[in-house]
Amino acid sequence: MSESLNYYVTAYYRFTKLADLPAIQKALEDKAEELNVKGLVILGDEGYNSTCAASTKESFEAWKTFIREYFNSPDQFFKDSESTKSPFRRFKVKVRNEIVTTGIPGVMPPEGVNHHLSPTEWNKVMKEETDYVMIDTRNWYEYKIGTFKGALNPNIEKFTEFPQYIESQGIPKDKKMLIFCTGGIRCEKGILELQDKGYNNVFQLDGGILNYMKEYPNDQFEGECFVFDHRVAVDQNLQPTTKFGLCPHCGQPSTIKIECKRCDAHELICEDCIKVDYAKDTCSKNCAYQLEKHPARKGQKQLVPFEIEKMKAEGKDPSALPQIRVTRTKYISLNKNGEAETRSTKETAE
């Protein structure tokens, strides 16, 4: 599909008891194939969590109608946006214990609202009140590229660390607390943990940052919002970022432009990997390995599977290009403090 097309994108979730997950998975896959819908659905006993996209308005609306009818959820809330970049290359359903990782599987949010604030109510608190604390429940790298004015950064690697962070801050149990996340789902469970610990004056942003920016772009949220698809992030108008990429070495948001010393490809590297000798001048893990092994030798950029798929879709023959077989590639893993750990993995070019 051409990148010049418009893609209609929607994010949605629902906590509801589900049975026979393999049958549900098959029904979703069949319908997505029929409508040419791409995306990801996380499916579990406790419900579903998804972002999907279609290249036509007809397919997009048909998919949403299908979701409402199949799950008997006529009031399903969809957070819609449009994109000139395809967020997904395929459709996939993943079956997991939790539809959002919190470490408390089986805990179901109550039906209806649980201290939800609409974007308008959220703005009212931010602009008219001062006696509250606002906390970003997302990971450190999500906070880094955009957050609400005055929001605290728990600096966590994963959401399961969030309740412990709150306990460590000594926040009075009756203090008014505002919590938020990307689309609202993490807060649905997070608020239950906080209420269970005695924090009874906690409020969550209904629909998360995505819902807020749709109603109030360039207001109280600053920067961009990280999303878990090929858009990487969306700007204040919910359009794909033109600023951030994903670092090929660690997978974090990146903005620093480099030209690979081995294959001359242009790439964006994150501010942590730019400090790492074998990562700062290369566009991929393979080039980093090859450059370290043969510093003076140039070579072709190694195609990854999605690049091969794209060439085939454009009618090009990837087999005509030189292929590189990699037996061991060095790569790094960065933690929230920007500390690098060196590891190795076996990898073979397609």
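This is a predicted model: local features need pLDDT of at least 70, side-chain atom pairs count only at pLDDT 80 or more; totals for chains, interfaces and linings use all residues.
Residues are numbered from 1 along each chain as its sequence is written, and side-chain values use heavy atoms, with hydrogens and water left out.

Helices (H or I, at least four residues) and strands (E, at least two) are DSSP runs, numbered from the N terminus. Two strands pair if DSSP finds at least two bridges between them. Strands of a sheet pair through backbone hydrogen bonds, either parallel or antiparallel.

Strand 1 has antiparallel pairing with strand 4 (residues 79-83), over 5 bridges. Strand 1 also runs antiparallel to strand 3 (residues 47-54), to which 8 bridges join it.

How many of the 9 residues of strand 1 are buried? Here buried means under 20% relative accessible area, exposed means over 50%, and partly exposed lies in between (1.4 Å probe, protein chains only). In strand 1 (residues 7-15) 8 of the 9 residues are buried, so the strand is largely enclosed by the rest of the structure.

Strand 3 also holds Asn 49, which is buried at a relative accessible area of 18%. Asn 49 and Ile 99 are 50 residues apart along the chain, yet their C-alpha atoms are separated by 5.7 Å.

## Aromatic rings

A pair of aromatic rings is described by the distance of the centres and the angle of the planes. Rings of Phe, Tyr and Trp (its six-membered ring) pair if their centres lie within 6.5 Å; planes under 30 degrees apart count as stacked, over 60 as edge-to-face and the rest as tilted. By this rule the count comes to 19 aromatic pairs.

| Pair | Centre to centre | Angle of planes | Kind |
|---|---|---|---|
| Trp 63 and Phe 66 | 5.5 Å | 40 degrees | tilted |
| Trp 63 and Phe 91 | 5.6 Å | 75 degrees | edge-to-face |

Trp 63 lies in helix 2 and Phe 91 in strand 5 (residues 91-95), so their pair ties together parts that are 28 residues apart in sequence. Trp 63 and Phe 66, in contrast, both belong to helix 2 (residues 57-70), where they sit 3 residues apart, about one turn of the helix. An α-helix has 3.6 residues a turn, so residues three or four places apart point the same way.

One aromatic cluster is formed by Tyr 12, Tyr 48, Trp 63, Phe 66, Tyr 70, Phe 71, Phe 78 and Phe 91.

Charges can meet rings as well. A charge sits over a ring if NZ of Lys or CZ of Arg is within 6 Å of the ring centre and within 35 degrees of the ring normal. Lys 64 lies over the face of Phe 78, 5.5 Å from the ring centre, and Lys 173 lies over the face of Tyr 199, at 5.1 Å from the ring centre.

Now for an open sheet of 4 strands, which has parallel pairing and the order 6-10-9-7. Strand 6 (116-117) and strand 7 (133-136) stand at the edges with a single partner strand each, so one side of each is left without a neighbour in the sheet.

Strand 7 runs parallel to strand 9 (residues 177-180), joined by 4 bridges. Here Ile 135 has Ile 179 as its bridge partner, while Asp 136 stands opposite Phe 180. Strand 9 is also joined to strand 10 (residues 202-205) by 3 parallel bridges, and Ile 179 stands opposite Gln 204 there.

In a regular strand the side chains alternate between the two faces of the sheet. In strand 9, Met 177 and Ile 179 point one way, Leu 178 and Phe 180 point the other way, and all are buried.

## Helix 7

Helix 7 (residues 208-215) has 6 buried residues out of 8, so the helix is largely enclosed by the rest of the structure. Among the buried residues are Gly 208, Leu 210 and Tyr 212.
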